[in-house]
Amino acid sequence: MMRLLVVLMCFLAGCLSQRPRPCSSPPLMSGAFTVTTQNEKLWLYSKYLYDAMGKRMRVMELGSYENKSFTYDALLLYREAAMYEINEHDRTCTKKPLKTDFHPMEIPKDASLLGQVVLGSSSGPGEGLLVNTWAGDLPDKSGKYMSTVTEFGCIPVSNVYHTDKYGWVMISLFNNVVGLEDPGQLNPPDFCTGVEMKADSEEEPADFLSLFLHKH
């Protein structure tokens, strides 16, 4: 019995001492995030729904750009190559082409681990959160990113990017929930039925970051 206990303790110690590895967030998630920029031109609060299996995403934003308030509601259906801009109040809908690939919430395999820390306190149970911070190049090599996710579950905590237009951009995620309470919000509303695709005249969002930056 004592020998078995020693073996189990050694096994657990080995597991806990393993180096963190790149990971993928749960395929179904919802929550909220804020975005702030270095040049202070853009600030926003947004709720989001995320479906990696169906390659769908929706963001519902409230923000300020150059001291002017705005709201924005966008549903992205990557399998249909379509983006819906939704106005629930006026029950109107604009459908635009979406030519980019779906980018899942994940830490890329080529990311570099910067470190592992405890947010809060490690003095007592429930007082802290163990997270890993990773860094790497943006997909188009246009800049750098730094992403922090939880060690257990790979839940996104924050992302930092650098862009020419805004300087450093900070995205802080919170109230994340694994699963979707109302998956119907990832389908176009009934008043979007029959809406024609607009001409390809504007730049489509290229990724999660540009989704809410290209509009403003």
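User: What do buried, exposed and partly exposed mean here?
Analyst: Buried means under 20% relative accessible area, exposed means over 50%, and partly exposed is in between (1.4 Å probe, protein chains only).

User: And what kind of model is it?
Analyst: This is a predicted model: local features need pLDDT of at least 70, side-chain atom pairs count only at pLDDT 80 or more, and totals for chains, interfaces and linings use all residues. Residues are numbered from 1 along each chain as its sequence is written, and side-chain values use heavy atoms, with hydrogens and water left out.

User: How many helices and strands does the chain have?
Analyst: Two helices and eleven strands. These are DSSP runs, numbered from the N terminus: helices are H or I with at least four residues, strands are E with at least two. Along the sequence the pattern is α-β-β-β-β-β-β-β-β-β-β-β-α.

User: What share of the residues is buried?
Analyst: 43% of the 216 residues in the protein chain.

User: How much of the contact set comes from residues 24 or more positions apart?
Analyst: They account for 48% of the contacts with a separation of 6 or more. Contact means heavy atoms within 4.5 Å.

User: Switching to rings. How many aromatic pairs?
Analyst: Four aromatic pairs. Rings of Phe, Tyr and Trp (its six-membered ring) pair if their centres lie within 6.5 Å; planes under 30 degrees apart are stacked, over 60 edge-to-face, the rest tilted. One of the pairs is tyrosine 50 with phenylalanine 102, stacked at 6.1 Å centre to centre with 20° between the planes.

User: Where do tyrosine 50 and phenylalanine 102 sit?
Analyst: Tyrosine 50 is in strand β2 (residues 42-51), and phenylalanine 102 is in the loop between β6 (92-97) and β7 (112-120), so the pair ties together parts 52 residues apart in sequence. Tyrosine 50 is buried at 2% relative accessibility. Phenylalanine 102 is buried too, at 15%.

User: Why is the pair of tyrosine 78 and phenylalanine 102 classed as it is?
Analyst: The ring centres are 5.2 Å apart and the planes are at 75°, so that pair is edge-to-face. Tyrosine 78 lies in the loop between β4 (68-77) and β5 (82-87) and phenylalanine 102 in the loop between β6 and β7, so this pair ties together parts 24 residues apart in sequence. Tyrosine 78 has 14% relative accessibility and counts as buried. Ring pairs link Tyr50, Tyr78 and Phe102 into a cluster.

User: Now charges. How many salt bridges?
Analyst: Seven salt bridges. Each is a side-chain nitrogen of Lys or Arg within 4 Å of a carboxyl oxygen of Asp or Glu. Aspartate 73 and arginine 58 form one at 2.7 Å, N to O. That pair links distant parts of the chain, with aspartate 73 in strand β4 and arginine 58 in strand β3 (residues 56-65), 15 residues apart.

User: Are they buried or exposed?
Analyst: Aspartate 73 is buried at 11% relative accessible area. Arginine 58 is buried at 4%.

User: What does glutamate 88 pair with?
Analyst: Glutamate 88 forms a salt bridge with arginine 58, with the closest N and O atoms 3.4 Å apart. Glutamate 88 lies in the loop between β5 and β6 and arginine 58 in strand β3, so the pair ties together parts 30 residues apart in sequence. Glutamate 88 is partly exposed at 43%. Arg58, Asp73 and Glu88 are linked in a network of salt bridges.

User: And which residue does aspartate 190 bridge to?
Analyst: Arginine 91, with the closest N and O atoms 3.2 Å apart. Aspartate 190 lies in the loop between β11 (167-178) and α2 (208-213) and arginine 91 in the loop between β5 and β6, so the pair ties together parts 99 residues apart in sequence. Aspartate 190 is exposed at 56%, whereas arginine 91 is partly exposed at 49%.

User: Last one, strand β8. Where is leucine 129, and how exposed is that residue?
Analyst: Leucine 129 is in strand β8 (residues 128-137). Its relative accessible area is 37%, so leucine 129 is partly exposed. Glycine 128 is also found in strand β8, and counts as partly exposed at 38%.
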